[in-house]
Amino acid sequence: MVAAIIAGAAVAAAAYAGKYGIQAWQAFKLRPVRPRMRNFYEGGFQSAMTRREAALILGVRESVAVEKVKEAHRRVMVANHPDAGGSHYLASKINEAKDMMLGKTKSSGSAF
């Protein structure tokens, strides 16, 4: 008699667990798909460039070696150079980011 009650309770618990498991799986399948990584700097530029923004533009960390900054600047500039169909504005922001990371900041900021 006691064994039948315990077995019935176990079956009921398994049924409830299965029901909630199926609901959770369906909710998981319906969630919006979000990309795992963003390979670009999302958003506009700040009025005065910060070291954080410069690092985001170049795709490096805020504390990085000079060689890495120059390498990242070259890579980003090749992709956005005005002679290759890029924007003069973006090229100026990329150059400003390199100057910021190398400590050669100008007080006037961007030319635009």
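**The salt bridge and its surroundings**

Tutor: There is one salt bridge in the structure, a term for a side-chain nitrogen of Lys or Arg within 4 Å of a carboxyl oxygen of Asp or Glu. This is a predicted model, in which local features need pLDDT of at least 70, side-chain atom pairs count only at pLDDT 80 or more, and totals for chains, interfaces and linings use all residues. Residues are numbered from 1 along each chain as its sequence is written, and side-chain values use heavy atoms, with hydrogens and water left out.

The partners in the salt bridge are the side chains of glutamate 96 and lysine 93, at 3.5 Å from N to O. Side chains of opposite charge can pair when their charged atoms come close. Both glutamate 96 and lysine 93 belong to helix 4, where three residues, about one turn of the helix, separate them. Helices here are DSSP runs (H or I, at least four residues), numbered from the N terminus. Lysine 93 has a relative accessible area of 3% and is therefore buried; buried means under 20%, exposed over 50%, and partly exposed in between, with a 1.4 Å probe and protein chains only. Glutamate 96 also counts as buried, because its relative accessibility is 15%.

Histidine 73 is placed in helix 3 (residues 66-80). With a relative accessible area of 12%, histidine 73 is buried. Apart from neighbours within four places in sequence, histidine 73 has contacts with Leu58, Ile94, Asn95 and Lys98, where contact means heavy atoms within 4.5 Å.

Helix 4 (residues 88-102) also holds tyrosine 89, while phenylalanine 45 lies in the loop between helix 1 and helix 2 (51-58), so their pair ties together parts that are 44 residues apart in sequence. Rings of Phe, Tyr and Trp (its six-membered ring) pair if their centres lie within 6.5 Å; planes under 30 degrees apart count as stacked, over 60 as edge-to-face and the rest as tilted. The structure holds two aromatic pairs. Phenylalanine 45 counts as partly exposed because its relative accessibility is 30%, and tyrosine 89 is partly exposed at 32%.

Arginine 31 sits over the face of phenylalanine 28, 4.0 Å from the ring centre; the criterion is NZ of Lys or CZ of Arg within 6 Å of the ring centre and within 35 degrees of the ring normal.

How values were computed
Helices (H or I, at least four residues) and strands (E, at least two) are DSSP runs, numbered from the N terminus.
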